[in-house]
Amino acid sequence: MPMTGEEIEDMITAAIPGAQVTMTDLAGDGDHWAAHVRSASFTGESRVAQHKRVYEALGGRMGGVLHALQLTTSVPESETLP
Amino acid sequence: MTHPTNERIDTLVKQNEVLLFMKGTPLFPQCGFSSRAIAILDHLGVGYETVDVLQDMEVRQGIKAYSDWPTIPQLYVKGEFVGGSDIMMEMYEAGELAQLMDNEGVTKVEG
């Protein structure tokens, strides 16, 4: 069973409180998702570190059940350094 | 404790200035994410080597432990893990990947 966008979003926000998660169903089949995760807590972290935190939030499902999750991360505008 | 697979991966990563672990080959990628990674490297015009993890189950599993990264493709530049295809795309679009290749003095290919 593929995970629903809501399940993915819930797991991410449970592990990264306050994160804004935007899910996009890329293929319209409920199986190929793009997630954009925006969190002030990413400030100062490398992209690899940010992505690893989201993968950890998904508890080992990435690469397994979630074989086709496209992920992008960002820091809210107001948190970026000038 | 040393793992033979880990050592083999480490040697590959250190011997090639740009190395992509992927599913399939540059001409016949077996997954959309690997295909995208190859397209990015070709656009950058840098020389690179690839490892087809579908031909080697030990490397396919071992590479995930090596970088603590759950998915393939995985890009390494000068021995350092850069990211998977999503990070490659973000960096490419921001001009950061070309910058990284420049900074690291990566060899360009004729084209």
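# Exercises on a two-chain model

β1(B), α2(B) and β2(B) together form a right-handed β-α-β unit. Right-handed means that, with the strands pointing away from the viewer, the path from the first strand over the helix to the second runs clockwise. Helices (H or I, at least four residues) and strands (E, at least two) are DSSP runs numbered from the N terminus.

This is a predicted model, in which local features need pLDDT of at least 70 and side-chain atom pairs count only at pLDDT 80 or more, while totals for chains, interfaces and linings use all residues. Residues are numbered from 1 along each chain as its sequence is written, and chains are lettered from A and ligands numbered from 1 in the order in which they are written.

## Exercise 1: confidence

State what the predictor reports for chain B and for the complex.

Solution. Step 1: pLDDT is the predictor's confidence in each residue, from 0 to 100. Step 2: chain B has a mean pLDDT of 95, and 97% of its residues reach 70 or more. Step 3: for the complex, the ipTM is 0.87 and the pTM is 0.91.

## Exercise 2: strand pairing

Solution. Step 1: two strands pair if DSSP finds at least two bridges between them. Phe21(B) has Val51(B) in β2(B) as its bridge partner. Step 4: the link from β2(A) to β3(A) passes through α2(A), a right-handed β-α-β crossover.

## Exercise 3: nonpolar cores

Which residues touch the most other members of the largest nonpolar core?

Solution. Step 1: a residue is buried if 20 or more other C-beta atoms lie within 10 Å of its own, exposed if 12 or fewer, and partly exposed in between, with C-beta atoms placed from the backbone. Step 2: a nonpolar core is a set of buried Ala, Val, Leu, Ile, Met, Phe, Trp, Tyr and Cys residues joined through C-beta atoms within 7 Å. Step 3: the largest such core has 28 residues, and Leu20(B) and Ala37(B) touch the most other members. Step 4: the elements of chain B that give two or more residues to this core are α1, β1, α2, α3, β3, α4 and α5. Step 5: a second, separate core has 16 residues, among them Ile12(A) and Val37(A).

Now list the residues that Leu20(B) touches, leaving out those up to four places away in sequence. Two residues are in contact if their C-beta atoms, placed from the backbone, lie within 7 Å. The residues are Ala37(B), Leu41(B), Tyr48(B), Thr50(B), Pro73(B) and Leu75(B).

## Exercise 4: the interface

How many residues of chain A are in contact with chain B?

Solution. Step 1: nine residues of chain A are in contact with seven residues of chain B. Step 2: α2 (47–57) and β3 (70–74) of chain A each give two or more residues to the side that touches chain B. Step 3: α2(A) gives the most, with four residues. Step 4: Ala, Val, Leu, Ile, Met, Phe, Trp, Tyr, Cys and Pro count as nonpolar, Asp, Glu, Lys and Arg as charged, and the others, Gly among them, as polar. By these classes, the chain A side has four nonpolar, four polar and one charged residues.

## Exercise 5: backbone and burial

Describe the backbone at Asp68(B), Lys78(B) and Pro73(B).

Solution. Step 1: most residues other than glycine have a negative phi, and most peptide bonds are trans. Step 2: Asp68(B), not a glycine, has a positive phi of about 55°. Lys78(B) has a positive phi near 50°. Step 3: the peptide bond from Ile72(B) to Pro73(B) is cis, with omega near 15°. Pro73(B) lies in the loop between α3 and β3 of chain B, and Asp68(B) lies in the loop between α3 and β3 of chain B.

Is Val82(B) buried or exposed?

Solution. Step 1: Val82(B) is in strand β4 of chain B. Step 2: Val82(B) has 22 C-beta neighbours inside 10 Å, so it counts as buried. Step 3: for contrast, Asp68(B) has 11 such neighbours and therefore counts as exposed.
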